[in-house]
Structures are given as structure tokens and as C-alpha cells.
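Subject: Structure handover

Hello,

Here is the structure we talked about. Please open it alongside this note, which walks through what was found.

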Amino acid sequence: MTARTTRRTTAARSRIAAVGAMAVAGTLVLTACGDQTNSGSGTKETGGTATAAAPLADKLPQSIRDKGVIKVGSDIAYPPVEFKDGSGKVVGIDPDIADAMGKQLGVKFEFENGTFDTLITGLRSKRYDLAMSAMTDTKDRQEGVDSETGKKVGEGVDFVDYFTAGVSIYTKKGDDKGIKTWADLCGKKIVVQRGTVSEDLAKAENAKCLKAKKGKITIEAFDNDQQAQTRLRAGGADAGSSDFPVAAYAVKTSGGGKDFQIVGEQVEAAPYGIAVAKTNTQLRDAIQAALDAIIKNGEYEKIIAKWGVQAGAVTEAKTNGGS
């Protein structure tokens, strides 16, 4: 899932600039998450059984407490944020954080696989209670505005922010085509995931290239980031773009570290948010309380360290912190 967003180029899905301090060959952990199970065909449950011992259970809407499940829409093809390991289990940063919050709330978080650019629609239609998928918290999303047209397309969502990161460009290893910045993409081809900040950035940069008469950027968008990586790996593009943690993970793992390299600096630092319907304020506040609880008790820090992304950690759960 490349920066998922749709974050705008001018004010848009990424994380904190400080994440740039993470070395690509650094500590992104390849091991799977502990005791999580895949309930089949892209669905996964995580979290403890609802019990009176769960300290924050009474903060949830009664309907969710009765079911004991929070349904989460997610594009489960975005390592290390959420993905399936070699045995088919759904693992990653998001499932681990959800598991820890579930213990606080006394419910299970059930991850359902979906295409990234349809997750908010699924939230609006009540197919999901939450969307948690490395989704950038932006004002456009909060207000239900299409970032490309500027037109109102829905009622918007609220976000509980849980991580921060920026967007990176990567190329085939040893063949950067002279690409160091977004401006270097004029006249070249880039692959991205559809509905992401990376796609927004590429479109905005293309407009600049055309205005300067430096050549069109050919943009090929895919349903998920792994498809984009496959295209680049096969020589079908000059570069790709994803959120920094995802790009760094691909650089470290694809082809044993021989396929890709990150070029230039990450841009568009912004928070990832757990999306909740505007009308579901009680659930939003319960999620915020649960996230704050695991930050304070140290579970959040352990999860972030496990996946080697400490530079993107947050110190408190904020709502609608994106710009």
C-alpha cells in the first residue's frame, strides 16, 4: 500500500520526517507476530475475549460489546504494516496494535481484506466498524473531500492517529535512472498503489513537469503495493513510491535485498490514523482510550520496536491530527 491516503501533494499518506533516520538495512524485523490466526480468505481476528477484567470495555458501544468483535477494513498486502506471512497468517504493525487494544477493550479485532481505495466506502456502508490500513490522516479525508477534484464526496471520517511516516521513491538496485527527487521523474515512469499519497504526489509532479515542458510522468497505479513492486522488478518502470516503512521493508527483503534501493529523502510526513465514522464518536473515543492505554503501559513501544520502526512512534493518541 504505498502511502495510503489520499494525501494531497500540497497538504497530504506519510509519516514523520524523523523516520528518515531509520537505516534501510536496519532493524525491520522479519519475524511474524506471535499468536495471531487467520480465519480464512483474508480475514483475521486479533484480541482477547470480552471479559469484565478488560479495563476499558465499558467505553465501547453496547452493540459492539454484545458482539465481542470490531470489524476492521484493511488492505492486507502492505508489509510491514499488515500482510500475510509464509503460513498465511495476517501479521504486522497494525494487527499487533489492534491485538493490544483488544485486550484493553475486551473484544476481538477482525481484519477483513479489501482494496485500499474502497475502505472508506466500506466504512460508510457499515461493512466495517473501523478502517486500519496505514491510512494517512488528512483534512480531505476528515471532511469527505476528493483530494484531486476538491469536491465534497462524503461525510468524511474521524481518525485516531497511531503512527507517523513519510513517502519514499525507490528504484531497481544499482539503476536509479538519475532519480534523486520527485522533480527527476519528468519523462519517466513510476508505479504506485492506487488511492495513495504516492499517486497524488506523482500526479502533482506531472503537472509541474508538463508546465515546464520537461516531459510527462507516466503513472501506472495498481490495487496493491506488491503488484507495483513486481512491475518495477520486471523492468516495467523506472521507479516506485511507497510510505517509507514499506519501501524500506521492500528494499531489505525483496530478492534478499538485491532488488531495490531507496533514492533521495522521504517527503510528506504525516500521521497514520484509524478511521471511524463521524457518527460513531463513542467507538472513536474508546479506540483513543485503548491506544493511550497501551502507549502508557509499554505495549505500544514493544510492538513498534519489534518491527523496527521506532522513529515513527507517537507518544499520545490524538484525533484528527492530519493536515
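Start with strand 8, which pairs with strand 11 (residues 239-243) in the antiparallel sense over 4 bridges. Two strands pair if DSSP finds at least two bridges between them. Ile169 stands opposite Ser241 of strand 11. Helices and strands here are DSSP runs, numbered from the N terminus: helices are H or I with at least four residues, strands are E with at least two.

Before the rest, some ground rules. This is a predicted model, so local features need pLDDT of at least 70 and side-chain atom pairs count only at pLDDT 80 or more, while totals for chains, interfaces and linings use all residues. Residues are numbered from 1 along each chain as its sequence is written, and side-chain values use heavy atoms, with hydrogens and water left out.

Overall picture

The protein has 9 helices and 13 strands. Of its 323 residues, 55% count as buried. Buried means under 20% relative accessible area, exposed means over 50%, and partly exposed lies in between (1.4 Å probe, protein chains only). The accessible surface comes to about 12,800 Å², and carbon and sulfur atoms hold 48% of that. Those areas come from the Shrake-Rupley method with a 1.4 Å probe; for residues, only the protein chains shown count as cover.

More on strand 8

Strand 8 is mostly covered, with 15 of its 16 residues buried. Tyr170 has Ile262 as its bridge partner in strand 12. Strand 13 (residues 318-319) is also antiparallel to strand 8, joined by 2 bridges. There, Val160 stands opposite Thr319.

The disulfide

How many disulfides does the structure hold? The count is 1. The cut-off is a pair of cysteine sulfur atoms within 2.5 Å. Cys186 is joined to Cys209, with S to S at 1.9 Å. The pair links distant parts of the chain, 23 residues apart: Cys186 sits in the loop between strand 8 (157-172) and strand 9 (189-193), and Cys209 sits in helix 5 (residues 197-211). The torsion about the S-S bond of Cys186 and Cys209 is about -80°, so the disulfide is left-handed. Cys186 is buried at 14% relative accessible area. Cys209 is buried too, at 1%.

Strand 9 pairs with strand 10 (residues 218-222) in the parallel sense, over 5 bridges. Val191 stands opposite Glu220 of strand 10.

Gly236 lies in the loop between helix 6 (225-233) and strand 11. Leaving aside neighbours within four places in sequence, Gly236 is in contact with Lys189, Glu220 and Arg231. Contact means heavy atoms within 4.5 Å. Gly236 and Lys189 are 47 residues apart in sequence, but 8.3 Å apart in space, C-alpha to C-alpha.

Helix 9

Which residues of helix 9 (residues 299-306) are buried? Tyr300, Ile303 and Ile304 are. These cover an arc of only 95° around the axis, which puts them on the same side of helix 9. The arc is that of the directions from the helix axis to the C-beta atoms. Cover for the buried residues includes helix 2 (93-105), strand 8 and helix 8 (281-297). The face turned away from the buried side carries the exposed residues Glu301 and Lys302. Just after helix 9, Gly308 takes a positive phi of about 70°.

Backbone details

A cis peptide bond joins Pro79 and Pro80, with omega about 5°. Pro80 is in the loop between strand 3 (69-74) and strand 4 (83-84).

Lys177 is not a glycine, yet has a positive phi of about 55°. Lys177 is in the loop between strand 8 and strand 9, and is partly exposed at 39% relative accessible area. Asn320, also a residue other than glycine, has a positive phi near 50°. Asn320 is in the segment after strand 13 and is partly exposed at 22%.

Best wishes
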